[in-house]
Structure formats: structure tokens, C-alpha cells
Amino acid sequence: MNRRIVAGRLPRAVLAAAAAATLAGCGAGRDQCLRAVTEDIRTLDRLIAETEAGRARGYGTARQELPYLEHYRCPGYPRGTGHEAPTCLTTETMTIETPVAFDPAAEDRKLAALKARREALVPRALDQIAECKARYGGA
């Protein structure tokens with residue numbers, strides 16, 4: 001398939017792709033700004049949800065990351081050539097959750113502190129969200 005570019009003119013597909021990339025770049029800065037200013041609140045929301053789930057279950061969980069070796073066929077050796085590809089190793093991790101007992105009163109105090117911290121961060125985050133929207137545009 002022969003394609004040619006007439007001097008000074010680009011195919012519509014190229015112009016459309018360039019416009020889409022430019023518009024995507026505009027939203028990316030805004031999205032990064034919004035993610036950055038809400039990161040602490042999202043973290044607190046996750047911790048609050050985990051603490052509430054533990055309180056509802058009646059026990060906590062301890063997470064442990066365990067490394068293990070995974071065998072796989074090394075890349076660069078095509079199948080069917082009569083030569084067996086060597087085995088390569090990579091280190092993977094698995095997460096193991098173990099039930100643990102906790103002090104309900106301490107969990108209640110922790111939950112109250114997390115919620116108070118979240119409430120204290122919300123007004124500042126709302127101001128920063130407005131700044132992001134003003135800087136990068138958006139509703």
C-alpha cells in the first residue's frame with residue numbers, strides 16, 4: 001500500500017491522531033493534579049474501610065509478602081527449531097493474610113482518629129481540587 005504526503009498537507013488520520021494526543025495530554029495533567037491532591041484522602045478511605053471490615057469480622061489480618069522463584073521459558077528461542085529453550089527464573093511475590101486478634105477498644109480509637117484526620121483534610125483537598133480545575137480546566 002503506497003501512501004504519500006503532499007507537501008504541506010497531512011492525511012486526516014495523522015491530524016486526528018495528533019489532535020487526540022494533544023487533548024489526551026491536556027486531561028493527563030489535570031488527572032495527575034487531582035490524583036495528587038486526593039491521595040491522602042484515598043489512603044485514609046482505604047484504611048477506614050479495612051478497619052471497619054476488621055471490626056465487623058471481629059479479628060484483624062496480618063499481611064506477609066513471600067518471595068518465590070517462577071520458572072519460564074527464556075525469550076528468544078523459537079519453538080520447533082529442535083533446540084530446547086533454557087529455563088529462566090524470575091522472583092515473584094505472593095501475599096499471605098493471617099488472622100490476628102486485636103483489641104476492639106484500640107481499633108475503635110484508631111477508627112475515630114482516621115475519620116477525624118480525613119475530615120480535617122477534606123477542606124484543604126477541596127481548595128486544591130478547585131486549583132487543579134482552574135489550572136487545567138474542567139467541570
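View 1. The secondary structure comes to 2 helices and 2 strands, where helices (H or I, at least four residues) and strands (E, at least two) are DSSP runs, numbered from the N terminus. This is a predicted model, in which local features need pLDDT of at least 70 and side-chain atom pairs count only at pLDDT 80 or more, while totals for chains, interfaces and linings use all residues. Residues are numbered from 1 along each chain as its sequence is written, and side-chain values use heavy atoms, with hydrogens and water left out.

**View 2. Residues 1-25 have a pLDDT that stays under 50.** The pLDDT is the predictor's confidence in each residue, from 0 to 100, and the protein averages 81, with 75% of the residues scoring at least 70. For residues 1-25 the model has 3 contacts (heavy atoms within 4.5 Å) beyond four places in sequence. Where pLDDT is low, the predicted coordinates should not be read in detail.

**View 3. Helix α2 covers residues 104-136 and has the highest mean pLDDT among the elements, 95.** The helix bends by about 30 degrees at Val122, and Pro123 follows within four residues; the bend is the angle between axes fitted to the seven residues ending there and the seven starting there. Just after α2, Gly137 takes a positive phi of about 80 degrees.

**View 4. Several residues of α2 are buried, among them Leu111, Leu114, Leu121 and Ile129.** Buried means under 20% relative accessible area (1.4 Å probe, protein chains only), and such residues make up 14% of the 139 residues in the protein.

Definitions and conventions
Buried means under 20% relative accessible area, exposed over 50%, partly exposed in between (1.4 Å probe, protein chains only).
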